[in-house]
Amino acid sequence: MNDNKNIRRDAPWREELRRAISAKERTSIPRVKMPQLDPAYRIACNEEVNCGLDDSQAAVEASRCLDCPAPTCTEGCPVGINIPDFIKNLQHGDIAAAIGILKQDSALPAVCGRVCPQERQCESRCIYHKMKKEPVAIGYLERYVADKARAEGIEANTEAKKNGIKVAVAGSGPAALSFAGEMSRRGFDVEVFEALHEIGGVLKYGIPEFRLPNSIVDYELDNLSKSGVKFHTNTIVGKTLTFANLVERGFKGLFVASGAGLPRFMGIPGENLCGILSSNEYLTRINLMGAGRGTNDTPAPEGHSVAVIGGGNTAMDSARTARRMGAEKVMIFYRRSEAEMPARKEEIEHAKEEGIEFITLSNPVEYIGDEHGHVRSVRVQRMKLGEPDESGRRSPVPVEGAIDTFDIDLAIVSVGVSPNPLIPNSIEGLELGRRGTLVVDDNLKTSIDTIYAGGDIVRGGATVILAMGDGRHAACAMAKKLLS
Ligand code: FAD
Ligand code: SF4
């Protein structure tokens, strides 16, 4: 994290920006709207829905920021980005400084600017809420700075003097990439081992192109390669490459960032019928294996009337992907109400614009198949909200006798994931948590001295920014230990 949070606040240019318009005038500027593709056009293609701000929109939005002396927005950011610092540098026209500030705390700002749930993090803490106004669009501005820096070839990374110490990373999602970048910057020789044939973890196989284009991730991967990080695909740590193999090859530390890619199912009758699959399988087939693109052999699970079960980002991505794959009817079944949905607000809005039906307070209880063993309908229990549970959300309770049946020919189950058990089970002496996560200390060190871990393998399913924060945190701790 950046220890010098207010280092640039006293600069004369910044004082001038603060004085340029009165607070009253500033706070009466309406929040910018993100330009986006028309729903009728976008459901027929895979193009990115949000188009990004242009220069003048970004400048006006940046001018809304009050440059608060004690910025509450920063408190809402899981990695503590100095938000007014990057926004004011953007407004000042210094993109190099703005990207530098972002990169001090976030390895992949172009990714975070697109997929972070800002409405629950930094933007939820913006002082504008106290004035009953819409918060500064911090996420849009983060994306703008990252995209602008990329377009102009501005690089925040610097060449590091090598120290000759080798470290390995298992997995290549945001936790792994952030760790690799930080260790490389500190002079370590970093090698990343990924089980799949593509680098990027959920950023590649899970989050669809229409929300996060692969070119954005590839650009960051390219930068890491240029900084000396070596990537190996098709390598399963704990299986095709054991921890003992890594030690034999001279690696002094291992960072486990193998994520939570094991899908959960509901265990209800009929769930084994053909035409019912997990979101992970569905999205991986399409995003990573090119199903339905004509250029690849991977069969695409086809559905005209599709049920998606769940209310998170994964459910929204699956539903919106099904729509783009040609489904005429896509229904999201969620057992609580829309207010409790964990998905990003923007994703819910975009899904609705794309014609996805939201059938909330509904919980599937059984799938019915035809004589060929293919799913044909789903029986759904109507629910109502009861008392709050331990998460503080009101628990769904069945409404007795209220069962509806919906005709479907494809069901995509998106009710959560668990940590991949392969590494936890293959390295003797690793302490495991209750849900199969890896237990770590405050420095993200596991029960084995040379192994650190972070991201979803430690947290269960979480977010990109938290995974990145872990990668950076673990790198700082491991580097300190290896250099002591
Ligand atoms: P992952 O990204 O899961 O990467 C783990 C990698 O490790 C994978 O590539 C896997 O193949 C590899 N691996 C596993 N086992 C091994 C092994 N034995 N050897 C080598 N490699 C191995 N978060 C947000 O903040 N915003 C969003 O909008 C959002 N949308 C999402 C949409 C979907 C569809 C999904 C599935 C998740 C979404 N998330 C979102 C959650 C977020 O993507 C994850 O929290 C984050 O990717 C976790 O990062 P990670 O590095 O821990 O693991
Ligand atoms: Fe700017 Fe809002 Fe942060 Fe204040 S709280 S510095 S107005 S983004």
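**Helix packing and ligand surroundings in the predicted model**

Helix 7 (residues 95-105) packs with helix 9 (residues 138-151) at an angle of about 115 degrees, their axes lying 9 Å apart; helices here are DSSP runs of H or I of at least four residues, numbered from the N terminus, and axes are lines fitted to C-alpha atoms over the stretch in contact, with angles running from 0 to 180 degrees between N-to-C directions. This is a predicted model in which local features need pLDDT of at least 70 and side-chain atom pairs count only at pLDDT 80 or more, while totals for chains, interfaces and linings use all residues. Residues are numbered from 1 along each chain as its sequence is written, chains are lettered from A and ligands numbered from 1 in the order in which they are written, and side-chain values use heavy atoms, with hydrogens and water left out.

The contact (heavy atoms within 4.5 Å) is made by Ile95, Ala98, Ile99 and Leu102 of helix 7 and by Glu142, Tyr144, Val145, Ala146, Lys148 and Ala149 of helix 9. By class, it comprises eight nonpolar, no polar and two charged residues, where Ala, Val, Leu, Ile, Met, Phe, Trp, Tyr, Cys and Pro count as nonpolar, Asp, Glu, Lys and Arg as charged, and the others, Gly among them, as polar.

The axes of helix 6 (residues 83-91) and helix 7 come within 7 Å and cross at roughly 165 degrees, and the two helices are therefore roughly antiparallel (an angle over 145 degrees) to each other. Asp85, Phe86, Asn89 and Leu90 of helix 6 meet Ile95, Ala97, Ala98, Ile101 and Leu102 of helix 7, a contact with seven nonpolar, one polar and one charged residues.

Helix 6 also packs with helix 1 (residues 12-20), at an angle of about 85 degrees and with the axes 11 Å apart, which makes the pair roughly perpendicular (65 to 115 degrees). Trp13, Arg14 and Leu17 of helix 1 and Pro84, Asp85, Lys88, Asn89 and Gln91 of helix 6 form this contact.

Turning to the ligands, 34 residues surround ligand 1 (a heavy atom within 4 Å), the closest being Val115, Glu194, Arg211, Val237 and Asp456. A nitrogen atom of ligand 1 lies 2.7 Å from a polar backbone atom of Val115, and an oxygen atom of ligand 1 lies 3.1 Å from a polar backbone atom of Ala462. Around ligand 2, the shell divides into 11 nonpolar, one polar and no charged residues; among them are Cys65, Cys68, Cys73 and Cys126, together with Pro84.

Terms used. Angles under 35 degrees count as roughly parallel, over 145 as roughly antiparallel, 65 to 115 as roughly perpendicular and the rest as oblique. A polar contact is a pair of N or O atoms within 3.5 Å; within protein, one must be able to donate a hydrogen and the other to accept it, and residues adjacent in sequence count only if both atoms are side-chain atoms.
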